[in-house]
Structures are given as C-alpha cells and as structure tokens.
Amino acid sequence: MRLAEQQNRLRSQIDILIVQALAHQALGEAAKARAAMAQALALAEPEGYLRLFGAEGKPMADLLASLDPGSLGKYIDRIRAAGAQPNAMPTAAGSAQPAIDALSERELEVLRLLALGLSNQEIAQKLFVAVNTVKGHNLRIFAKLQAKSRSGAVARARELGFL
C-alpha cells in the first residue's frame with residue numbers, strides 16, 4: 001500500500017483497500033472491513049469509480065449494506081445500481097438507463113478532458129498516447145453515450161452523473 005501511495009497510483013490503492021476489506025469481512029473482522037471499505041470509498045468517490053466495487057459480487061454488496069452511508073450515501077447507491085444492473089449506467093438520480101456498455105476508466109479520463117475543452121492533440125499529449133488512439137476513444141464514448149458530438153457526449157455524461 002505504501003508503494004502505491006508513494007507512486008500516486010490511486011486505482012492500486014483502491015484495489016488494495018477493497019481486497020483488505022473483503023479479507024477482513026471473510027475473517028469476521030467487521031469493524032476492520034468497514035474501515036478499509038470506507039477508506040476505499042473515500043478515495044474512489046471523487047473519481048467516480050464504480051466497476052471496481054461491482055466486480056466483487058455478493059460479498060461486496062453485503063459489505064456496502066453494513067456501512068453507515070454518511071456523506072458517501074449517494075455514491076454507495078450509484079455503486080449498488082451499477083452492480084445490480086450491469087448493462088445499465090446509473091444516472092445522477094440513481095435510476096438506470098440502458099447502455100451498450102459501461103465506460104472504461106480510460107474512456108472516463110478522455111471524457112473528463114473533453115469536458116475541459118481540450119483538443120484531441122492536447123488529450124493525446126496529456127495521456128501520452130497517439131491522436132488516433134484518442135479519436136478511437138472518442139468514437140467509443142460517443143457510441144456508449146449515444147451522442148453525436150463532443151458537446152453531446154459531455155452533456156449526456158453530466159446527465160448520467162459521470163461528470
């Protein structure tokens with residue numbers, strides 16, 4: 001965990017905390033499980049990670065149900081909605097609408113940069129990828145969000161609670 005923190009690898013930190021939480025839960029250490037999960041949720045919420053939690057199935061659902069929602073209640077609801085309906089994207093209101101597929105972490109990154117108004121070239125430089133790679137991500141994002149343009153994709157993402 002320390003190495004992931006030192007190297008500023010947020011996703012690795014969240015993955016580690018999820019594994020720790022589920023391990024504590026399996027060992028019957030409920031308080032430790034809830035503490036690790038609360039820390040994972042606090043790190044994941046600003047970035048909107050959903051699939052990391054949904055991939056863990058019933059043990060994760062049980063653990064989330066045991067938490068005091070507090071300030072993360074809406075985020076926990078989004079995780080539950082995403083897990084309960086894997087072929088749907090949660091909206092800001094918590095309901096779900098059909099979608100082709102959920103956005104990948106990289107597509108979410110590109111979408112956030114699109115929302116900032118960056119060009120394909122600027123996004124490519126920021127992500128250290130080729131411009132054609134960014135264009136490919138854009139096409140997949142547009143298809144998944146059922147949008148025809150950058151502004152349409154950003155508007156739809158905001159409507160669905162991704163931005």
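Tutor: Arg-106 pairs with Glu-109 in a salt bridge, with 3.0 Å between the closest N and O atoms. The model is a predicted one, and side-chain atom pairs count only at pLDDT 80 or more. Both Arg-106 and Glu-109 belong to helix H7, which covers residues 105-115. They sit three residues apart, about one turn of the helix. Arg-106 is partly exposed, because its relative accessible area of 30% is not under the 20% limit for buried and not over the 50% limit for exposed. Glu-109, at 33% relative accessibility, is also classed as partly exposed.

The side chain of Glu-107 meets that of Arg-140 in a salt bridge, at 3.4 Å from N to O. Glu-107 is in helix H7 and Arg-140 is in helix H9 (residues 131-145), so this pair ties together parts that lie 33 residues apart in sequence. The two partners fall into separate accessibility classes: Glu-107 is buried, at a relative accessible area of 3%, whereas Arg-140 is partly exposed at 39%.

Glu-107 also forms a salt bridge with Lys-144, and here the closest N and O atoms are 2.8 Å apart. Lys-144 is in helix H9 and Glu-107 in helix H7, so the pair joins parts that are 37 residues apart in sequence. Lys-144 counts as buried, because its 12% relative accessibility is under the 20% limit. Taken together, Glu-107, Arg-140 and Lys-144 are linked in a network of salt bridges. A search of the whole structure finds six salt bridges.

Helix H7 also packs against another helix. The axes of H7 and helix H10 (residues 150-160) come within 10 Å and cross at roughly 110°. H7 is therefore roughly perpendicular to H10, because angles of 65 to 115 degrees are counted that way. The crossing of these two helices, H7 and H10, is left-handed. On the H7 side, the contact is made by Leu-111, Leu-114 and Ala-115. On the H10 side, the contact is made by Arg-150, Ala-153, Val-154, Ala-157 and Arg-158. By class, the residues of the contact of H7 with H10 are six nonpolar, no polar and two charged.

For other helix contacts, consider helix H5 (residues 57-66) and its crossing with helix H2 (residues 10-26). The axes of H2 and H5 come within 11 Å and cross at roughly 85°, which means that H2 is roughly perpendicular to H5. H2 supplies Ile-18, Ala-21, Leu-22 and Gln-25 to the contact, and H5 supplies Pro-59, Met-60, Asp-62 and Leu-63. The residues of the contact of H2 with H5 comprise six nonpolar, one polar and one charged.

Helix H3 (residues 30-44) crosses H5 as well, at roughly 90°, with the axes coming within 10 Å. H3 and H5 are therefore roughly perpendicular to each other. Ala-33, Arg-34, Met-37 and Leu-41 of H3 meet Met-60, Leu-63, Leu-64 and Ser-66 of H5. The residues of the contact of H3 with H5 divide into six nonpolar, one polar and one charged.

Notes. Residues numbered from 1 in each chain as written. Predicted model: local features only at pLDDT ≥ 70, side-chain atom pairs only at ≥ 80, totals over all residues. Heavy atoms only, no water. Salt bridge = Lys/Arg side-chain N within 4 Å of Asp/Glu carboxyl O. Helix = DSSP H or I, 4+ residues; strand = E, 2+ residues; numbered from the N terminus. Buried < 20%, exposed > 50% of the residue type's maximum accessible area, 1.4 Å probe, protein only. Axes fitted to C-alpha atoms, helices over the stretch in contact; angles between N-to-C directions. Parallel < 35°, antiparallel > 145°, perpendicular 65-115°, else oblique. Left-handed = near helix turned anticlockwise from the far one by under 90°. Contact = heavy atoms within 4.5 Å. Nonpolar A, V, L, I, M, F, W, Y, C, P; charged D, E, K, R; others polar.
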